[in-house]
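Keep the picture open beside you as you read.

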Amino acid sequence: MNVGIVCYASVGGSGIVATELAKALADRGHQVRLISPEMPFRVSTPRVGLAFHAVQTPGYPLFREPQYLLSLANKVVQVSREYQLDIIHAHYAIPHAAAAYLARQILANTPGTKVPHVITTLHGTDVTLIGSDSSYSETAAFCIDQSDGVTAVSESLRDDTYRELPVRAKIHVIPNFLDCDYHRRSENPVLRARFAGEDPQTRLIIHVSNFRPVKRATSVIDIFDRIRQRVPSSRLLLVGDGPDLDTACRRARELGLAEAVESLGEQEEVVPLLSVADLFLLPSEQESFGLAALEAMACQVPVVASRVGGLPEVIDDGVTGFLHPPDDLDAMASSAVALLTDPARHQAVTEAALAAVLQRFCANAIVPLYVEFYSRVLARERNIA
Ligand code: GMT
């Protein structure tokens, strides 16, 4: 199949999933074209079957804002005409579903032109935060409905979409996934000592996110403070950047934890960091799936997270990690301490987590679901009004 994948290139789960899907499809013999303003950050080496098309959005003195939706739709039209796309797969509804819809309408208006089918994958905040905002809800719902196929990354997100937007389209759930080779690196005592020092009693806790308010980064610090009261030598690594990073670091200083908390900013490679960590905290207010939790589980780092959104579909509470109400920081700290102080329990949870990732969330299990979905959508009439 010829597939155009539209995604964000910035660090974020939807871009990662889109990029991993592009790579996995190319490896399975499909022709894939990533369409984005920049090369997505996880496409490092050239790959047979995978090409990248950059969207340029020229400014003009009259425009107060860049006209990204128009330039993206324009690029999708050009790529589709040139390479005869069968499918335009938009990851993240806003504005990608709108651009894909517009591109398909433009192509349908040109006699003799192949018209691709549009598939939209909903990732979470495109529905739960920004898509349901009254400034976007009408256009978001319309463009999702106009897609020829719609997927969501969890059952919870599918239900949220029907609850929060006037969407009538059937939404198929295809969970997120990781490359089956995504795993913990072998012991790296130098890197471990860099963050945890030489004391074998030190426990290294990690949080990876984009530090937006929905991630509740200050709660990470508050949970860490509680953990430190029972495991005094523990340390915390913050990975990523975003609006709440400063607030989180300030909170750490207020609690006298500045020496125990290290912020690394954005990192392209998180596997080496996860591979030296003992525990992952994810006290998010909302998480449609929680790809960061899945990455930690694959690296055998137990996750203590909020029982929200799609996280219960990823983490089997008490077996492959621990879930608590987002405001119950005491309970999250207690689960963390229980794991950090009981090596046998820690090992049992990490083994179960890894087994779950390999069985349910690795590319070999999920990519065929996308291919099958593409085939089913291609067999149907296009949704052109
Ligand atoms: O977390 C975000 O705000 C970014 C967003 C994204 O663009 O990746 O994340 C959402 O999509 C991810 C990939 O499907 C999910 O793993 C995240 O849970 C989801 N974030 C939220 O629902 C808050």
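Helix H8 runs over residues 217-230, so its 14 residues, at 1.5 Å a residue, should span 20 Å. The C-alpha atoms at its ends are 21 Å apart, which agrees. Do keep in mind that this is a predicted model.

Now look at what surrounds this helix. Which residues of H8 are buried? They are Ala 217, Ser 219, Val 220, Ile 221, Asp 222, Ile 223, Phe 224, Asp 225 and Ile 227. Their cover includes strands S8 (204-208), S9 (235-239), S10 (261-263) and S11 (279-282), along with helices H9 (245-254) and H13 (329-340).

H2 (residues 68-83) and H3 (residues 93-108) meet at an angle of about 50°, and their axes are 8 Å apart. Because of that angle, H2 counts as oblique to H3. The crossing of H2 past H3 is right-handed. On the H2 side, the contact residues include Leu 69, Leu 72, Val 76 and Arg 81, while H3 contributes Ala 99, Leu 102 and Ile 106, among others. By class, this contact of H2 with H3 has 14 nonpolar, two polar and one charged residues.

Finally, turn to H1 (residues 13-27) and H15 (residues 363-378), which pack at an angle of about 80° with axes 10 Å apart. This angle is why H1 is roughly perpendicular to H15. Leu 21, Ala 24 and Leu 25 of H1 touch Val 367, Tyr 370, Val 371 and Tyr 374 of H15.

Key
Residues numbered from 1 in each chain as written. Predicted model: local features only at pLDDT ≥ 70, side-chain atom pairs only at ≥ 80, totals over all residues. Heavy atoms only, no water. Axes fitted to C-alpha atoms, helices over the stretch in contact; angles between N-to-C directions. Helix = DSSP H or I, 4+ residues; strand = E, 2+ residues; numbered from the N terminus. Parallel < 35°, antiparallel > 145°, perpendicular 65-115°, else oblique. Left-handed = near helix turned anticlockwise from the far one by under 90°. Contact = heavy atoms within 4.5 Å. Nonpolar A, V, L, I, M, F, W, Y, C, P; charged D, E, K, R; others polar. Expected span 1.5 Å × (residues − 1). Buried < 20%, exposed > 50% of the residue type's maximum accessible area, 1.4 Å probe, protein only.
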